[in-house]
Amino acid sequence: MTDKELVEGCIREDRIAQKYLWDQYSSKLLALCMRYTQNQEEAEDALMEAYVKIYDNMKKFRFQSALETWMRRICVNVSINKLRARKNIFNELSESEFELGYLDSQYNQLQVNQIMELVHQLPTGYKTVFNLFAVEGYSHKEISKLLEIDEGTSRSQLAKARKVLQEWVTKLGLDK
Amino acid sequence: MNNDPLEHIAQTLKTHEVSPSESASFDEVMRRREKRKKGIIWWFTSAALLLMVGGIYFSPWSSEEFNTTADQKNTSNSGTSVQSEAYNSSILDKKSTDAEEEIITNSTPESQEPYLADNDPKKSNKKTLGAKLFNIFNKLRGKGGADITPTNNGITRQDSESSKFSRGLMTTVLVEEPALYGKRYLEPTKLGEPLEMRPSDYLDWDFSMGPFEPHLRKKPWYVELSAITGSNNQVQFNEEEPLSVLGTNYMAQYQASFLTSFNSSSAMWGIGLHYTQWVGNGEWREHTKERILQPDGTYKIINSTTTGRVNYSIDKVSIPLSYRGFARVSKFNLRYGVQLAPGFTSVTEGTYFDATSYTALQNSRMWSMDGKASVGPMIQVNKGLNVVIEPSVMYQSFVDQNSKIQGNWFGGLGVSMLYRLR
């Protein structure tokens, strides 16, 4: 089933198309939500909320980007909103020092779960900006708008996240 | 293997997939959609009910009993009303027996009552749905109208004790002036107009409402404690009206609310309890025309000015229904909020006044309705506690013993503490 057929089916409230959309993308989108939320339960809640929005707003999709990209954006927005409702993320964008926990593994053997664990150890601000910029491909301008922060703050948060991750990689001698 | 470890991390995360657990299923998504649709219907129904109740409450109406009284007074001594039918001859005849050039007199509550009446004959027998409903409310609460007693001539009289409370030191100065007053009675006051907001007040607000979900225990809950004070000053007499009042109204309000967010946005809804103390001190001035019977059988017109002091005290207990939203302007967190608070008075004493009238208050439970709109900076003290400074606009009102809505706008400043419970 092509994206066009999927979209048209969802607009018609066709259950088969809606189910196919869920089966096709829910795993990818859940992994996305998990990077912004604290645990899988919260991520699944965000995922389902995002799917409700996706189904409700399908007629607004204009094929100006890939369907997956559009859905990922909705998931990011829902996850950020959940994050914002849970705590004041601006306060997390602090200068406070912290140390990552030690992961006993080689870089080239790093499993995705370990990477997730590593990224989750970052402060919320670092983690959010890193995920948005490095993984989702948002620009600093888009991040500043989404998180309601200055572009400079976004840049500095990303630089700090990079620095922390780089230090961790160096510490383990994994950059050789 | 990717040479850049950070790039490797990003790519790994990008292609990462996690299968949803059994609790996150397609069927659950569809169930949420249905619930959301029901939630929207619930919100619209609630909003419509709230608007209807608010509309009834704020709709202006006249008191049938009071207008009947005014009509009776106008006609009771019609034989002596020669030069101006608009005059209330019963008062003028009474005053004409006093000194001709300058007198000091103590006005009685009865003599002042016509000035409080809505004398529009078109409205005298008209009773709106709102008036009928509030009359039912008054009957239900038992004491409403119990202290309004008819006098011998059929005139409804307010409780004299409450009138005595604040009407002392009244003096009358007579000044000769041949011109007549064209308008003897006060226009109906414009109290009770519905709350209105300017477009600039709501353009940037987020009114999106999520589905109504009964699983409130899963929601983040907040407790808000706030105190606010406000004032409303009338600094000048209104020269265009026969009766005008100047004075200051103060109010202080203490509120505790529980708030929660029904969806993932930061907007909050809540309910609570607040206690309001509302006091006023003022001075009234009244211009009247008096006719003095001359030896040759003609009348001499004398203009008199009467002044006196009024004050009142009203305490209220209300249940505020609150909406709170958040916005960020530059580096500042702003919180805005509106609330509507139906309630009842716990203390009513003295003589309530506005710019052109005053009314002796009956000491009984009365329905009240408050509204508040505020916006101000929110300062985070720690992870759970925020302090909000709130410049506010408030409307305080109550239904008096004549089923007339009395109300005042206040500008004020408040402080709120918002604490996250979980």
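A: A:Glu136 forms a salt bridge with A:Arg35, with 2.4 Å between the closest N and O atoms; a salt bridge here is a side-chain nitrogen of Lys or Arg within 4 Å of a carboxyl oxygen of Asp or Glu. This is a predicted model, in which local features need pLDDT of at least 70, side-chain atom pairs count only at pLDDT 80 or more, and totals for chains, interfaces and linings use all residues. Residues are numbered from 1 along each chain as its sequence is written, chains are lettered from A and ligands numbered from 1 in the order in which they are written, and side-chain values use heavy atoms, leaving out hydrogens and water.

Q: Where do A:Glu136 and A:Arg35 sit in the chain?
A: A:Glu136 lies in the loop between α7 and α8 of chain A, and A:Arg35 in helix α2 (residues 15-36) of chain A, 101 residues apart. Helices are DSSP runs of H or I with at least four residues, numbered from the N terminus.

Q: How many salt bridges are there over all chains?
A: The whole structure has 19.

Q: And how many across the interface of chain A and chain B?
A: There are 4 across that interface. B:Arg36 forms a salt bridge with A:Asp56, their closest N and O atoms being 3.3 Å apart.

Q: How many residues are in contact there?
A: 49 residues of chain A are in contact with 35 residues of chain B, contact meaning heavy atoms within 4.5 Å.

Conventions: Helix = DSSP H or I, 4+ residues; strand = E, 2+ residues; numbered from the N terminus.
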